Amino acid sequence: MSHELRTPLTTMKSYLEALQDGAVDDKRLATKFLDVTQNETERMIRLVNDLLQLSKLDAKDYTINPQRTDYVDFCNRIIDRFEMTKKQNIRFVRELPKRSFYVDIDRDKLTQVIDNIISNAMKYSPEGGTITFKVIKRGLDVKTKISDQGVGIPKENLTKVFNRASIASIGLDQEDWAEPGSVWLLLRK
Ligand SMILES: Nc1ncnc2c1ncn2[C@@H]1O[C@H](COP(=O)(O)OP(=O)(O)OP(=O)(O)O)[C@@H](O)[C@H]1O
Ligand SMILES: [Mg+2]
């Protein structure tokens, strides 16, 4: 759980530093950065509330709160955060649909899952590596693929990542797991 809390804090720190380094003088940028820090603050408050709640409840009682969401915009914002906070020499490649579309997702939970997958990808990326974030919409299925150029996830750890992901009520398309260094998330409407 520790990195679920660390990620929003790291994000806020980077955006605040950028503001201090001059972004504050650019009205449009400043508004955008303050927006992100506010969203991350609120997300962290919800996260802490969830944690306090979870310590009292059985994990089975974990509730999912789906909200209609522009998925391309949702993904772009997540990648923006990582681009802003990254310390390593890593490049993000976005392969996202041109047209926006809507999905019903629990934004906080899916954000946690994707944050973890991207953090993992960064951790295992070689110097100068590329992380590719790809979204494919086909019929009722929305596939999100996050791949890195590292060694790939060892088989024995798949269930660990899988179990975490299933908390967010998303299916993982296990047939595609064969490809090293990539994780597919499958959202089914
Ligand atoms: N992209 C990846 N490349 C190589 N190994 C990976 C990758 N993603 C996950 N793993 C392996 O799977 C394990 C489980 O990942 P998981 O995100 O559940 O935990 P963690 O990253 O070790 O800890 P935390 O997420 O709490 O910081 C990792 O420790 C690592 O061994
Ligand atoms: Mg991790």
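Which residues have the most contacts inside the largest nonpolar core? The legends below start there and describe a predicted model.

**Figure 1. The largest nonpolar core.** Ile114, Ile117, Ile118, Ala121, Ile131 and Ile146 have the most contacts inside this core, which has 15 residues. Two or more residues come from each of α3 (71-85), α4 (107-123), β4 (130-138) and β5 (141-147). The top contributor is α4, with six residues.

**Figure 2. Close-up of Ile118.** Leaving aside residues up to four places away in sequence, Ile118 touches Phe82, Ile131 and Ile146. Ile131 and Ile146 are also among the core residues with the most contacts, as is Ile118.

**Figure 3. Helix α3 and its buried side.** At 1.5 Å a residue, the 15 residues of α3 should span 21 Å. The end C-alpha atoms of α3 are 22 Å apart, which agrees. Four residues to look for are Tyr71, Cys75, Arg81 and Phe82, which are buried in α3. These residues cover an arc of only 120 degrees around the axis, so they lie on the same side of α3. An α-helix has 3.6 residues a turn, so residues three or four places apart point the same way.

**Figure 4. The hairpin of β4 and β5.** The pairing of β4 with β5 is antiparallel and runs over seven bridges. Opposite Ile136 stands Lys143 in β5. Two residues lie between the strands of this hairpin. Gly139 takes a positive phi here, near 60 degrees.

**Figure 5. Lys86 in its loop.** Lys86 sits in the loop between α3 and β2. Is Lys86 buried or partly exposed? Lys86 has 16 other C-beta atoms within 10 Å, so it is partly exposed; a buried residue would need 20 or more. Lys86 and Ser119 are 33 residues apart along the chain. Their C-alpha atoms are separated by 9.8 Å.

**Figure 6. Confidence along the chain.** The mean pLDDT of the chain is 83. Of its residues, 78% reach 70 or more. Among the elements, strand β2 (residues 91-95) has the highest mean pLDDT, 97. Helix α5 (residues 155-167) has the lowest, 61. Over residues 166-178 the pLDDT is below 50. That stretch still has 27 contacts in the model beyond near neighbours in sequence.

How values were computed. Residues numbered from 1 in each chain as written. Chains lettered and ligands numbered in written order. Predicted model: local features only at pLDDT ≥ 70, side-chain atom pairs only at ≥ 80, totals over all residues. Core = buried A, V, L, I, M, F, W, Y, C linked by C-beta atoms within 7 Å. Buried ≥ 20, exposed ≤ 12 C-beta atoms within 10 Å, placed from the backbone. Contact = placed C-beta atoms within 7 Å. Expected span 1.5 Å × (residues − 1). Arc of directions from axis to C-beta. Pairing = 2+ DSSP bridges. pLDDT = per-residue confidence, 0-100.
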